[in-house]
Amino acid sequence: MSLAGRAVAALGLAAVLSGAGAVACRGDNELSGSVSELFPVTDVSRVEIRRNPEALQVSYFRNNGLDVDLVARLTVDTEGVDLKPGTKVQLGGTTPSGRDRASVVHVAAGEPARAFTQVERGDLVLDEGGNAGEATRGDFSLSFKKGDGYGAGRSMEGTFNSLALDAGFGPDLGDVVVDEPSP
């Protein structure tokens with residue numbers, strides 16, 4: 001291999017290692033991506049993860065003076081998915097019953113709630129947990145379909161690490177919940 005070829009190979013290896021280092025150094029509970037052109041995604045103060053048999057929801061909050069902004073909420077419909085650590089869940093497209101696999105909203109104080117356009121592609125991977133009551137850690141990366149909707153053509157990436165809370169539905173309307181039998 002020529003000297004120029006070795007230099008190009010060394011530069012390529014350095015770029016790969018640098019990229020791997022950037023991914024490995026990525027912290028917990030961070031958001032990034034071109035959606036930052038629409039609203040700030042830094043300074044996330046808290047992440048909340050909710051789980052029920054139908055979905056996983058990751059919400060990123062930011063303190064904003066006296067208000068708390070919902071920077072982004074990713075909801076993943078888990079129909080037909082075995083959501084367990086190490087499984088890559090595709091976020092684009094629809095579930096077997098035709099619902100969007102993933103959706104994202106943004107709600108800042110003093111502004112209307114904004115639902116992003118459909119997710120075109122992306123994935124979510126859990127490193128651990130995933131069920132209510134478990135420490136849950138993972139990451140996602142997605143892009144939104146091009147067009148006219150909010151966030152169209154933009155991207156969003158995030159990491160999360162928090163205790164997954166139960167997002168169960170509770171009793172049906174009209175059900176009587178009694179801890180002790182009536183006398």
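How many aromatic pairs does a search of the whole structure find? The search finds four. The model is predicted, and its protein chain comes to one helix and 10 strands.

**Chain overview**

- The protein chain has 183 residues, of which 32% count as buried.
- Among contacts in the protein chain with a separation of 6 or more, 55% are between residues 24 or more positions apart.

**Strand β2 and its partners**

- Five of the seven residues of β2 are buried, which leaves the strand mostly covered.
- β2 runs antiparallel to β3, and seven bridges join the two strands.
- Two residues lie between β2 and β3, which form a hairpin.
- Within this pairing, E48 has S59 in β3 as its bridge partner.
- β2 is also joined to β10, in this case by three bridges and in the parallel sense.
- R51 stands opposite D166, a residue of β10.

**Strand β8 and its partners**

- β8 pairs with β9 over eight bridges, in the antiparallel sense.
- D123 has S141 in β9 as its bridge partner.
- The hairpin of β8 and β9 has six residues between the strands, and G129 in this hairpin takes a positive phi near 70°.
- Strand β5, residues 88-90, runs antiparallel to β8 and is joined to it by three bridges.
- K88 has V125 in β8 as its bridge partner.

**Nonpolar core**

- The largest nonpolar core has 28 residues, and those that touch the most other members are L91, L124, F140, L142, M156 and F160.
- Two or more residues of this core come from each of β2 (46-52), β3 (55-64), β4 (67-77), β6 (102-107), β8 (119-128), β9 (135-144) and β10 (155-166).
- With four residues, β4 gives the most to the core.
- Leaving aside residues up to four places away in sequence, L124 touches L56, L74, V76, L83, T87, K88, V89, L91, D139, F140 and F160.
- In soluble globular proteins, nonpolar side chains tend to be buried together.

**Aromatic pairs and a charge over a ring**

- Of the four aromatic pairs, one is formed by Y60 and F140, with ring centres 6.4 Å apart and planes at 55°, so this pair is tilted.
- Y60 belongs to strand β3 and F140 to strand β9, so the pair ties together parts that are 80 residues apart in sequence.
- Both Y60 and F140 are buried.
- F116 and F144 form a stacked pair, at 4.6 Å centre to centre with 20° between the planes.
- This pair links distant parts of the chain, 28 residues apart: F116 is in the loop between β7 (114-115) and β8, while F144 is in strand β9.
- F116 and F144 are both buried.
- F39, F116, F144 and Y150 are linked by ring pairs into a cluster.
- R46 lies over the face of F61, at 4.2 Å from the ring centre.

Technical notes: Residues are numbered from 1 along each chain as its sequence is written. Side-chain values use heavy atoms; hydrogens and water are left out. A nonpolar core is a set of buried Ala, Val, Leu, Ile, Met, Phe, Trp, Tyr and Cys residues joined through side-chain atoms within 4.5 Å. Buried means under 20% relative accessible area, exposed over 50%, partly exposed in between (1.4 Å probe, protein chains only). Contact means heavy atoms within 4.5 Å. Two strands pair if DSSP finds at least two bridges between them. Rings of Phe, Tyr and Trp (its six-membered ring) pair if their centres lie within 6.5 Å; planes under 30 degrees apart count as stacked, over 60 as edge-to-face and the rest as tilted. A charge sits over a ring if NZ of Lys or CZ of Arg is within 6 Å of the ring centre and within 35 degrees of the ring normal.
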